[in-house]
Amino acid sequence: MNDQPSTSSFDGGIASAPLLDVRGLSLAFATADGELPVTRDVTFSVHPGERVGIVGESGCGKTVTGLAILRLLPQQSTRLTGEIRFEGQDLAKLPARRMREVRGRDIAMIFQEPMSALDPVFTVGEQISEAYRTHNRVSRREARERAIAALADVGIPAPARRYDEYPHQLSGGMRQRVMIAMALICEPKLLIADEPTTALDVTIQAQIIDLLRALSERTGTALIFITHDLGVVAEICTRLITMYAGEVVEDAPVDPALIRPRHPYTSGLLRSLPGLAQRRAHLPSIPGRVPSPLAMPAGCRFRSRCPQAMDGCERPQPLLPVAPERVARCWRAPELTLPGAVS
Amino acid sequence: MGNTMTSERPRTAADSQPRTIVTAEGLTIHFPTRDSGETVKAIDGVDFAVRAGETFGVIGESGSGKTTLGRALVSLISPTNGRILHDGVDPAQLGRSAFRHHRRDYQIVFQDPNAALDPRMTILHSIMEPLEIAGEAAAVRRERAVEALARVGLAPETAKRYPHQLSGGQKQRVNIARVLTLRPKLIVCDEVVAALDVSIRGDILNLFADLQREFGLTYVFITHDISVVSHISDRIAVTYLGKFMELGPAEAVIERPLHPYTRALLSAEPVPLPSSMRTERRIMLEGEIPSPISPPSGCRFRTRCPSVQPRCAEEEPAWRELQADHWVACHFATPAGPPPPNPRRTDELAQQQAG
């Protein structure tokens, strides 16, 4: 399917070997009422320098996928099948001690609420230094210098002074910058950002988006950006992955996906955005709700809400190639012309 | 300002004499801080009038005072200075029982769908509760509640359910049904779709629009989401640190903003368009919103304003009507738009202002 020259502008180029290769990742949580399946057969890859946005409604499995890559889900109560290949080695099978080396050094993660990841009793500088010293044998003084440089890198004014401040002394936007500084100080190859701008004001969000994009472009750090906001994906990502009810339903370069989505769910998400509709016109919406994980229908999981559903959708739906570098989990994708952001 | 209606511009017949549902006159709301003896200037002198049947959008970032404003409009917070008039009546001057009867006309729906729902009450009971407080007879309560339930698009069997059995979107419909039973004149909607998934936001916004048409409701729609406010509003007020920066017809404010803050806010909104269709360059605002305890002198936006001039620190900008029905608080805005960025805005200038 890849016989045309790639027109993508990925910094790493599509021809390189993937940095991260998630294959058939299924996750289930043990609960008092039995096993709760949360994702099924999640397959995607991230190339060096690529910025991949994962979108979907709450409960679609995007956050747990991010946590699973870093093996941050509780081991006792999580059943994980499939592979998480990072630079060739399967993280799913890595011993805990080796995983700790990968975490922070090769792959880092930032979250929506920075306060949940910052310790209130240590200064932000100490916490960043510690992150650096965990993976690098350096003196305290050198770590301090690195941390101050990292704070300057993420645009914190007077970084040497900020080093000695505690998290509660910083605003939400500044805390998120501190988190980014901490995540990037070991120059990871992959940063997983889970809704990092959702709690921020729009003018601060714009600053953080520009910062993440600039840092990724400069250092070549690949990015997985988990969000519900397609606007944010459009501004920062090179590829868009749509998840629905625990499955990847579409995976495509961002611009083509926005112009012509190939899965009805991606199309529905785009069309329900008020910013794209005629002012005061009735907004298109996606009727119904995500099915419960305990009553997941066979075949297409979106079909009860899908305006394009018909006989045949109850059959199993694999991810099908629909265009160069594009897959969609919809057997009707080749014949459908779905409205996108521009129609 | 409060007397915007008296200017002699040509108007269409429909809005020649618009009745006002709520008027804010010199509205000021200050809160003492808990331990430092300082004052948070949440709202610091705002004048406007909400017209019957319109959707009055209020947009602002955190700390702008928009939530305080919404609560004051329905008498949940008393003004420190200035006053609120409901249809010409000052609710603060009413006696207790008159006030209780009066306030049912002025209702509010909150961001958190759970905020107003008692987890131990059935949905029907929750919807009937405001009518009970208003002193309606039992038969009327039930009839109106069942009617409202259907009107907001919930199945009759929902009546017997409890809040935890409903989705966020369904709960927000219940909250809308609750205020609808009172047949209010005004509903303040405070971030009512912010907690909902994108796929159901549209449904709830559609419902608000339908109810407005059907019952002639007036809304004050408070949100941080530009796409929501521009979609639903007739007029939009842009708030910053307890002041209005701009107020005008929604289309004009969105398409042809007059204030540098509005222009920057609009350009910061991420748009889900492919790169080839992005034309506008983002105007990056530096820094963060200052504290409402000690807002900057003169124009409150000046510490972040790309067009700042020395005068901005010295003098508070007047509230001027630069286009028909389109008001702005900026010394240098013209009917053509906001002032151009100031090339001489050096670090020195910025520092001098911060100090």
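In which loop is Pro317(B) found? The answer opens point 1, after a word on conventions. This is a predicted model, in which local features need pLDDT of at least 70, side-chain atom pairs count only at pLDDT 80 or more, and totals for chains, interfaces and linings use all residues. Residues are numbered from 1 along each chain as its sequence is written, while chains are lettered from A and ligands numbered from 1 in the order in which they are written.

1. Pro317(B) sits in the loop between α10 (311–314) and β10 (320–323) of chain B; helices (H or I, at least four residues) and strands (E, at least two) are DSSP runs, numbered from the N terminus. With 21 other C-beta atoms within 10 Å, Pro317(B) is buried (20 or more such atoms; 12 or fewer is exposed, in between partly exposed, with C-beta atoms placed from the backbone). Leaving out residues up to four places away in sequence, Pro317(B) touches Cys299(B), Ala329(B), Cys330(B) and His331(B), where contact means C-beta atoms, placed from the backbone, within 7 Å. Phe332(B) is 15 residues from Pro317(B) in sequence, and their C-alpha atoms are 8.9 Å apart.

2. Still in chain B, please look at helix α3 (residues 123–133): its buried residues include Ile123(B), Leu124(B), Met128(B) and Leu131(B). Among the elements covering them are α4 (138–151) and α5 (168–180) of chain B. After α3(B) comes Gly135(B), with a positive phi near 85°.

3. In chain A, helix α6 (residues 172–184) packs with α7(A) at an angle of about 15°, their axes 10 Å apart (axes are lines fitted to C-alpha atoms over the stretch in contact, and angles run from 0 to 180 degrees between N-to-C directions). The two helices, α6(A) and α7(A), are therefore roughly parallel, a term for angles under 35 degrees. Gly173(A), Gln176(A), Ile180(A) and Leu184(A) of α6(A) meet residues of α7(A) including Ile204(A), Ile208(A) and Leu215(A).

4. How many residues does each chain give to the contact between chain A and chain B? Chain A gives 41 residues and chain B 34. On the side of chain A, the elements giving two or more residues are α7 (202–219), α8 (230–236), α9 (254–259) and α10 (264–271). The largest share of that side, seven residues, comes from α7(A).

Conventions. Two residues are in contact if their C-beta atoms, placed from the backbone, lie within 7 Å. Angles under 35 degrees count as roughly parallel, over 145 as roughly antiparallel, 65 to 115 as roughly perpendicular and the rest as oblique.
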